[in-house]
Amino acid sequence: MNTFYMPTKILSGENVVLEKAQELAVLGQKAMIITGRASSRLNGSLRDMEEALSRIYIDYVIFDEVEQNPSLETMMRAAELGKKEDVDFLVGVGGGSPLDAAKFVGVLMKNPELSGPEVFERKNLQSIPIVAVPTTSGTGSEVTQYAVITLHEEKTKKNYGQTIFPTLAFHDPKYTLDLPLSVTINTAVDALSHLVEGYLNRNANLLSDTIAEMGMRIWGQCVDPLLTAKLDGQVREKLMVASTLGGILIAQTGTSLPHGMGYALTFNKGVPHGLANGVIYVEYLRSFKNKAKVSKLPELLGIKDYESFEEVLGRLTIVDSITVTDEEIRDYSLGVFENKAKLANHPEEVTYEDIYKIYRDSLR
Ligand code: NAP
Ligand code: FE
C-alpha cells in the first residue's frame with residue numbers, strides 16, 4: 001500500500017515573491033522571516049520578501065542568525081523572539097538550514113509548553129504556517145516534512161520526526177545565480193542523492209520511481225555545466241527543479257544509508273551536507289548485491305557508461321584534507337548501524353561490516 005502526500009503549494013517563476021505576494025495575506029497579521037547571516041541579503045531574496053510583506057501590509061520581524069546545520073539552541077532563541085513578537089507565521093528564506101529551522105521553530109511556537117528536546121520525542125505535533133523560499137538547489141526542504149537539527153549534546157544531527165510541510169513555497173532560481181561553485185556542486189550532489197536514495201529504496205514504487213527517473217534526467221542535463229562551471233539561468237532553473245523533485249520524492253520514500261552515514265562526517269569533520277553524502281556514493285552503490293536499478297543510473301543521467309558515472313561522482317565530490325581514523329570510522333559505523341530507520345529504507349540486508357567497509361573504502 002502506498003500513500004502520496006505533498007501538500008505544499010509551489011509558486012514558481014521570475015519575481016514570483018513580489019508577483020504573488022497576495023498569497024501570504026491569508027496566513028496572518030505578522031510574520032517572522034527566518035534566514036541565515038548574510039547570503040539572503042546579497043542575493044535579493046530577503047529584500048523581495050520584505051517588500052512583498054510590506055506591499056500587503058503584513059508586519060514582520062527578522063531572525064537572521066541561522067547557521068549551517070542549525071542547532072537546537074538557535075531554534076530556541078528564534079522561537080523566543082517569535083513568541084515575544086506574537087507572530088502568526090514564519091517565512092524561511094535561504095538554503096536548507098533556514099528552511100528546516102522555520103519548521104522546527106514553527107513547532108516550538110505552536111507548542112510553547114514543550115522544551116526543544118521534547119519535540120524529538122513527541123509525534124504528530126502541529127506548527128504555525130510556514131512559507132519557504134529556497135536559495136540553494138539541493139535539499140528540497142521546501143517540499144519535505146523533514147527538519148534536520150544539530151544536537152550538540154548528542155553529538156549528531158537528527159530529523160525532528162514531525163510531518164510539517166510548508167504551506168507555500170516560492171521558487172525563483174534567480175536567487176541562486178551567484179551561488180558559489182562549491183556550494184552549487186555540494187547542494188546539487190545533495191539533490192542527486194535524494195533522487196538516487198529515493199529510487200534505491202525499500203519504499204520505492206512506480207509513482208515514486210517515475211519522479212526519481214524524471215528528476216535524474218533533468219539533473220543529468222546539468223552534469224557538464226557543473227563540471228565546467230558554466231551555470232547560466234537555464235541550468236540554475238533545472239537544478240532547482242531537480243532539487244524539488246528530489247524533495248517530493250524523499251517526502252514519500254525517505255532517504256537511505258548515505259544520509260545516515262553523511263551526518264557523522266558533517267558533525268565531526270564539518271563536511272557540508274551534500275558532499276558528506278556524495279563522498280561515500282561510489283562505494284555505497286558498489287555495495288548493492290542486486291544491480292538491477294543501480295545499473296540504470298548512468299542511462300537516466302545521460303552518462304555513457306557506469307565507469308564514466310563513477311568518474312563524474314569522483315570529480316564532483318572532492319574533499320580536501322580531512323583525516324578520519326579507523327577508530328572514528330568504527331564509531332560512525334556503529335552509530336549508523338543503530339539508526340534502524342535509515343537501515344529500514346535500504347532495500348538489502350546490511351551489516352555493521354558493510355557500513356564499515358563503505359566508510360573505509362570511501363575515506364582512505
Ligand atoms: P545551507 O546550510 O542552508 O547554506 C550553506 C551556505 O550557503 C551558507 O553559508 C549560506 O549562507 C549559503 N547560501 C545559501 N544560499 C545562497 C545563495 N543564493 N548565494 C550564496 N550563498 C548562499 O545549505 P543547504 O545545503 O541548502 O542546506 C543544508 C541543510 O539542510 C543541512 O542541515 C541538511 O541536513 C538539511 N537538509 C534538509 C533536508 C530536508 O528535507 N529538510 C534535506 C537535505 C538536507 P548564509 O548562512 O549567509 O545564508
Ligand atoms: Fe540531503
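Which element gives the largest share of the lining of the second largest pocket? Helix α10 does, with 6 residues.

This is a predicted model, in which local features need pLDDT of at least 70 and side-chain atom pairs count only at pLDDT 80 or more, while totals for chains, interfaces and linings use all residues. Residues are numbered from 1 along each chain as its sequence is written, and side-chain values use heavy atoms, with hydrogens and water left out.

**The pocket.** A pocket here is an open set of points on a 1 Å grid over the protein atoms alone, where a 1.4 Å probe fits and protein lies on both sides within 12 Å along at least five of seven lines; lining residues have an atom within 4 Å of a point. The second largest pocket holds about 260 Å³ of space, a volume being the space filled by probe spheres set on the points, which are joined across faces, edges and corners. Its lining has 15 residues, and Gly-13, His-171, Asp-172, Pro-173 and Glu-237 lie nearest the centre. Two or more lining residues come from each of β1 (9–12) and α10 (233–253). Helices (H or I, at least four residues) and strands (E, at least two) are DSSP runs, numbered from the N terminus.

The lining divides like this:

| Class | Lining residues |
|---|---|
| Nonpolar (Ala, Val, Leu, Ile, Met, Phe, Trp, Tyr, Cys, Pro) | 5 residues |
| Polar (the others, Gly among them) | 5 residues |

**The cores.** A nonpolar core is a set of buried Ala, Val, Leu, Ile, Met, Phe, Trp, Tyr and Cys residues joined through side-chain atoms within 4.5 Å; buried means under 20% relative accessible area with a 1.4 Å probe, protein chains only. The largest one has 61 residues, and Trp-219 and Tyr-359 are among those with the most contacts inside it. Helix α7 (residues 181–199) supplies the largest share of this core, 8 residues. Apart from it lies another core of 29 residues, including Met-32 and Ile-164. Beyond four places away in sequence, Trp-219 touches (heavy atoms within 4.5 Å) residues including Ala-188, Leu-239 and Leu-316.

**A buried threonine.** Thr-150 sits in strand β6 (residues 148–151) and counts as buried at 4% relative accessibility. Its C-alpha atom is separated by 5.8 Å from that of Pro-70, 80 residues apart along the chain. Leaving aside neighbours within four places, Thr-150 also contacts Asn-69, Lys-157 and Phe-267, among others.

**The whole chain.** The chain has 18 helices and 8 strands, and 59% of its 364 residues count as buried.

Definitions and conventions: Chains are lettered from A and ligands numbered from 1 in the order in which they are written. Buried means under 20% relative accessible area, exposed over 50%, partly exposed in between (1.4 Å probe, protein chains only).
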